[in-house]
Amino acid sequence: MTRSTAGIKDATAVVGIGQTPFAKQLPEPEKTLACRAILAALDDAGIAPSEVDGLASYTMEETDEVEVAKALGFGDLTFFSKVGYGGGGSCATVAHLAAAVATGQATVGVAWRSRKRGSGPRPWKNTVAQLPTPAQWTRPFGLLRPADEIGMLARRYMHEYGATRDHLFNVALACRNRANQNPAAMMYDRPLTREMYMTSRWISEPLCLFDNCLETDGALACVVVSAERARDCRRRPVYVHSVAQGLPAQHHGMVNYWNDDPLTGPAWTAARHLWKNADFTPDDVDVAQIYDAFTPLIPLSLEGYGFCGRGEGAAFTEGGALEIGGRLPLNTGGGGLSEAYVHGFNLITEGVKQLRGTSTAQVPGAATCLVTAGEGVPTSAVLLRT
């Protein structure tokens, strides 16, 4: 064990999770949704709000620490952080709390994400604000939305490695099948067929409607404490085994313009650190929650995190590999494609459910879970274990 990870590996655990309902439009403001999810997570753990002394969230989170702490009656806060890059920051919120608790900067940490993306505005519609420098190399040339940028990477991937729309359908179908088992999922009662997928409208060719994540209002939260305290909490602890963030050299968000290989994204950087500090390998992962804002991110992430070789991610999806009973069951709550899209936080909570044995699509005997954040942007990942 390296000195840098000796104090983090299995030293902390997720002991509480909470969420609001998910919908295209919820009436409550984001602050109210955040507070409800956090209170649910604390109740799940059996911990009073007054004991919370650490917070972690996203730079894109509209609900700040001061307002949350006042509204919920937290005590003195001794650690608080925010992580950038949207969905790339999801797992990093848990990583920051794990580091803070393991090093004594906090004793009870809460991470959360509250978002009204379903009823809110689309960020790229703002034509008044000056474009940030990276966007000046994409948006004037037609890459206005994340779907356009990932669509370009997907086309490159199809050209280089022979991936087809059927491979992307395998991803969409696996997520939808799991959502059809999950009453909390937005797509719970809406099955998907190959004909529906193949005849749906283009969003940004080669990405069709079902290659894109949902637009969701909702909030989620989790509670992190020391492994010692976790043994006395209300629920079975899920240990934070290894964590990583990844920002590769010469990175350009979403499109990887300056990389030698644009299909080698931040997942590869995060994965090297994640596995270096873990006691098990990709072959030992029982279930995965892989960030799925767009279907092509799944084969790219399967390669980046070492489940298959370079260019083999598309073929990996064949033969029901992503389904329950397959090589790597994934996104067992439905993921961002079919449960809800809240910048990947529902992947964290679903990972916890799997290792508690309470998922609506339970993988028998699941003891290890990989959770990843957004591929294509500076990213993060966490390995959970029982």
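A: On a 1 Å grid over the protein atoms alone, a cavity is a set of points where a 1.4 Å probe fits but cannot get out, and a pocket is an open set with protein on both sides within 12 Å along at least five of seven lines; a lining residue has an atom within 4 Å of a point. Grid points are joined across faces, edges and corners, and the volume is the space filled by probe spheres set on the points. This is a predicted model, in which local features need pLDDT of at least 70 and side-chain atom pairs count only at pLDDT 80 or more, while totals for chains, interfaces and linings use all residues. Residues are numbered from 1 along each chain as its sequence is written, and side-chain values use heavy atoms, leaving out hydrogens and water.

Q: Which residues line the largest cavity?

A: The lining consists of L153, N256, P262, L263, G265, L300, E375 and G376. The volume of the largest cavity is about 30 Å³.

Q: What does the lining of the second largest pocket look like by class?

A: Ala, Val, Leu, Ile, Met, Phe, Trp, Tyr, Cys and Pro count as nonpolar, Asp, Glu, Lys and Arg as charged, and the others, Gly among them, as polar. Six charged, three nonpolar and two polar residues line the second largest pocket, including E30, R113 and K116. Its volume is about 220 Å³, and β4 gives the most to the lining, with four residues.

Q: Which residues of α1 are buried?

A: Buried means under 20% relative accessible area, exposed over 50%, and partly exposed in between (1.4 Å probe, protein chains only). In α1 the buried residues are E30, L33, A34, C35, A37, I38, A41, L42, D44 and A45. They pack against β1, α2, β4, β7 and α12.

Q: Where is T138 found, and what does T138 touch?

A: T138 is in the loop between β4 and α4. With a relative accessible area of 2%, T138 is buried. Contact means heavy atoms within 4.5 Å. Leaving aside residues up to four places away in sequence, T138 touches L143, E149, H252, V255 and Y257.

Note on methods. Helices (H or I, at least four residues) and strands (E, at least two) are DSSP runs, numbered from the N terminus.
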